[in-house]
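Welcome, and please load the model in your viewer. We will go from selection to selection and say what is there.

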Amino acid sequence: MATWGLVIETTVGIGERKHSEAYVLAQLEGTREEALVELEQRARHHSPEHPRSPERRRLFRESDGFLLVIDGAWQSFSTRFTVAELLEDSAAPTEPAPPPRSEPDPAAAVLPPPSSQSGERYADGVVPVRPAWLGRNDLP
C-alpha cells in the first residue's frame, strides 16, 4: 500500500517579508482517494495566521489537492494543499535486519532448574510429561 504525504504550502509573513513555505501535515497509508478525503477535511478546517481579519474565503479543488484563497482587507493569502506519494524518506525508520539463522549451541542455552515435583520428563530433563497444572481443582 502506498504512503501519501499531505503537504501544505502557505503564505507566511507580511509585506516585503511575505513568502511561501511548505510543510508535511501528515503521512498516511492507503489509497490516493482516502488521502484526498483526509486532505479535504484539513483544508476545510484550516485557519491560517494571515490575514488577521479575513473578508472572503474560497476553497478550490485541483487535480492533486486544494487551493485555499483568503482575501484580507489589504492583501490576499493562499494556501495550497497537495497529496503526493512518498517515494523516499531519508529519515524513515529502518527495519532491523533479521538475525542470521544458525543452530543454537546447546552448551550456551540456560535451562531452568528442574521442578521439585517428581515425575517422568522428556529427554531434555526439564519439561515434565505431565504438566503441573493438570488435575488441579483450583483453576477455572
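Start by selecting Asp71, which is buried at a relative accessible area of 15% (buried means under 20%, exposed over 50%, partly exposed in between, with a 1.4 Å probe and protein chains only). This is a predicted model, in which local features need pLDDT of at least 70 and side-chain atom pairs count only at pLDDT 80 or more, while totals for chains, interfaces and linings use all residues. Residues are numbered from 1 along each chain as its sequence is written, and side-chain values use heavy atoms, leaving out hydrogens and water.

Asp71 belongs to strand β4, residues 65-71 (strands are DSSP runs of E with at least two residues, numbered from the N terminus). Beyond neighbours within four places in sequence, the contacts of Asp71 include Pro51, Pro54 and Ser76 (contact means heavy atoms within 4.5 Å).

Next, select residues 3-12 and 19-29. These are β1 and β2, an antiparallel pair with ten bridges (strands pair if DSSP finds at least two bridges between them). Highlight Val7, whose bridge partner in β2 is Val24. Between the strands of this hairpin are six residues, and Gly13 has a positive phi near 80°.

Finish at Tyr122, in the segment after β5 (76-85). With 48% relative accessibility, Tyr122 is partly exposed.

Key
Helices (H or I, at least four residues) and strands (E, at least two) are DSSP runs, numbered from the N terminus.
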